Amino acid sequence: MIWAKEETLPRSEIEAIQLAKLKDTARYIYDRVKPYRDKMDAAGVKPEDIRTLEDLRRMPFTYKADFKDHYPDGLFAVDKKEIVRYHASSGTTGKPTVVGYTRNDLDMWLNNVARIACMGGASADDVAQISFGYGTFTGALGLHGGLEKIGASVIPMSSGNTNKQIMFLKDMGVTLLVATPSYALHLGEEIRNRGIDPTKDLKIHIGLFGGEGMTEPMRDEMHRAWGDQFVCTQNYGMSELCGPGVAGECTQLCGMHINEDWFIPEIIDPETEEVLPPGELGELVVTCLGKEALPLVRYRTGDLTRLMYESCKCGRTTCRMENLSGRADDMLVIRGVNVFPTQIEEVLLKIDEIGPHYEILVERKNRLDVMTITVELIDDRLLDSYAKLSELEGRIKSALKSQLGLATQIRLVAPNSLKRFEGKAKRVTDLRKDGL
Amino acid sequence: MIRQISVFVENQPGSMMKVTTVLTEAHINIRAISTFDTPEFGIMRLVVDEPARAKESLTQNGFVTRVSDVMGVELKDEKGNLNEMLKILADGQINVNYIYSFVIRAGKAPVMVFHTDDFEKAEQVLTDADVKLVEEEEL
């Protein structure tokens, strides 16, 4: 099922909608958001200069750092009383990236998620288990609301507690699973380990995955774990843009359809910031159209991908983005949570007993991401007892947990045992291959 | 009181050997040694003839090293003597955090060293029970 007629319009009509909304957006941000007005003035562009879609290139970029500089709500365009929901995601340092929604924004968002759920084959007949962590992240409540919109029955399970996950899958006749692909693989294997055959003992047939990329080898593994009946699609979004609902794969599995009447995608060379022609690999830049609370123009997502404009067998005419090919920056995705090494560094530098050098190792064990941070012990007072050393280890872990929202492993080593760098430090080693 | 040195070591092949190598090269004599089984890292504790110089050499070689006090007790090499000493401490409500013994001392009685949070009280109960405490100079 195709949820909205806007997904199937001829290109000229899609572009007409985009241009009309872009003009409004340029005027809206110039009038209401001072940081945008300042940037546009500095770039010498006025709202009335936006006459064609090409003119978008004259608009300044928006960066994740802008959220930090105007924390918490300096980029908002409406008064607090208009806001009906806040969410937050990782920032590059201690402060999160806070986003907000008016009632219209929520409606737009959840309709876009409904489109994505339909792309992945969901319908009113489905019983959906949401195994994303709830809380301030947009993933869980986004899919939750979108699936409710199409009339599916939603189970707000949240992440973790494998036994309970499996009990609900079985007892409630769950047909649709929402999770990160790595957690879904882990869950699938745990189910097999308990002697349950998903193809016979469960009704599951749809997986809607997000929070991290799903590679083709992961999709193959997913079929081995859950069975061939399991239709696995992934979708794309980020909280700054609205959350999930920006783009999603249809069951043709040939890229993620972008909801172009709400988002204009561009691909740029991250170094030169030049716009690249369709089909070229580069950084995805997204302009949101018609958002009230938090309009966003030319947002640098940091994600590397390609755009494809050929129409799809599914009947949708919207542009598709290829599976992500990595990041333009050093952001890591750990269990679906975005992590910036700078966040980790900020925590470590506040702990006096350890030195300023660190290394981050990311592996996938038993399908789940494990992040180990190695730090150098410098304070000899801790050698009075083993308890003091473990207390330090525990203190580092809990400081990181509250900063990142993730459990980490800590390895303490002797001073000077970590590599020193003269130029740009290479502190992160990511051993995950193809997401497996 | 006896000064011991504590060295941070990772649980890896060769990590203790690196400590003893530094001490050997500095001509420092090791009298007692202890470590216990920990998953990733541990504390290697040693009694040496020159603790200050040992710390200096180890620190120069990049080891996190600490000098701290432990109590030494001389025991007769007879059955039940360790039990007797521990009973004295237990009766005095002294908690022993860790204990280890000296490597064989030619012609001399064995020595146990232990750590507690209340050295003063430990000294008192042991002295009251006529147990011989060993000072650093006597080693």
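**View 1. A:Ala122 and the residues around it.** Leaving aside residues up to four places away in sequence, A:Ala122 touches A:Ala117, A:Leu147, A:Ile150, A:Ala152, A:Leu176, A:Ile206 and A:Leu208. Here, two residues are in contact if their C-beta atoms, placed from the backbone, lie within 7 Å. Please keep in mind that this is a predicted model, in which local features need pLDDT of at least 70 and side-chain atom pairs count only at pLDDT 80 or more, while totals for chains, interfaces and linings use all residues. To find your way around, note that residues are numbered from 1 along each chain as its sequence is written, and that chains are lettered from A and ligands numbered from 1 in the order in which they are written.

**View 2. The nonpolar cores.** A:Ala122 is also one of the residues with the most contacts inside the largest nonpolar core, along with A:Ala117, A:Leu241 and A:Phe263. This core has 88 residues. A nonpolar core is a set of buried Ala, Val, Leu, Ile, Met, Phe, Trp, Tyr and Cys residues joined through C-beta atoms within 7 Å. A residue is buried if 20 or more other C-beta atoms lie within 10 Å of its own, exposed if 12 or fewer, and partly exposed in between, with C-beta atoms placed from the backbone. Another core, of 54 residues, lies apart from it and includes A:Leu332, A:Leu400, B:Val47 and B:Val113.

**View 3. A:Ala114 in helix H4 of chain A.** Helix H4 of chain A holds A:Ala114; helices (H or I, at least four residues) and strands (E, at least two) are DSSP runs, numbered from the N terminus. A:Ala114 counts as buried because it has 23 C-beta neighbours inside 10 Å. Not counting residues up to four places away in sequence, A:Ala114 touches A:Trp3, A:Gly146, A:Lys149 and A:Ile150.

**View 4. A sheet of 3 strands in chain A.** This open sheet has the order S10-S11-S12, with antiparallel pairing. Two strands pair if DSSP finds at least two bridges between them. At the edges are strand S10 (263–268) and strand S12 (299–305) of chain A, each pairing on one side only. Strand S11 (residues 282–288) of chain A is joined to S12(A) by 4 bridges. Look for A:Val286 opposite A:Tyr299, and for A:Gly282 opposite A:Thr305. S12(A) is mostly covered, with 6 of its 7 residues buried.

**View 5. Where chain A meets chain B.** Here 15 residues of chain A are in contact with 14 residues of chain B. On the chain A side, helix H11 (386–404) and strand S19 (409–413) each supply at least two residues, and S19(A) makes the largest share, 3 residues.

**View 6. The two domains of chain B.** The domain assignment, which is automatic or taken from a database, gives domain 1 (2–68) and domain 2 (70–133) of chain B. Their centres, taken over C-alpha atoms, are separated by 23 Å. At the contact between them, 7 residues of domain 1 of chain B meet 7 residues of domain 2 of chain B. Strand S1 (2–10), strand S2 (30–34) and strand S3 (41–48) of chain B each give two or more residues to the domain 1 side, and the largest share, 3 residues, comes from S2(B).
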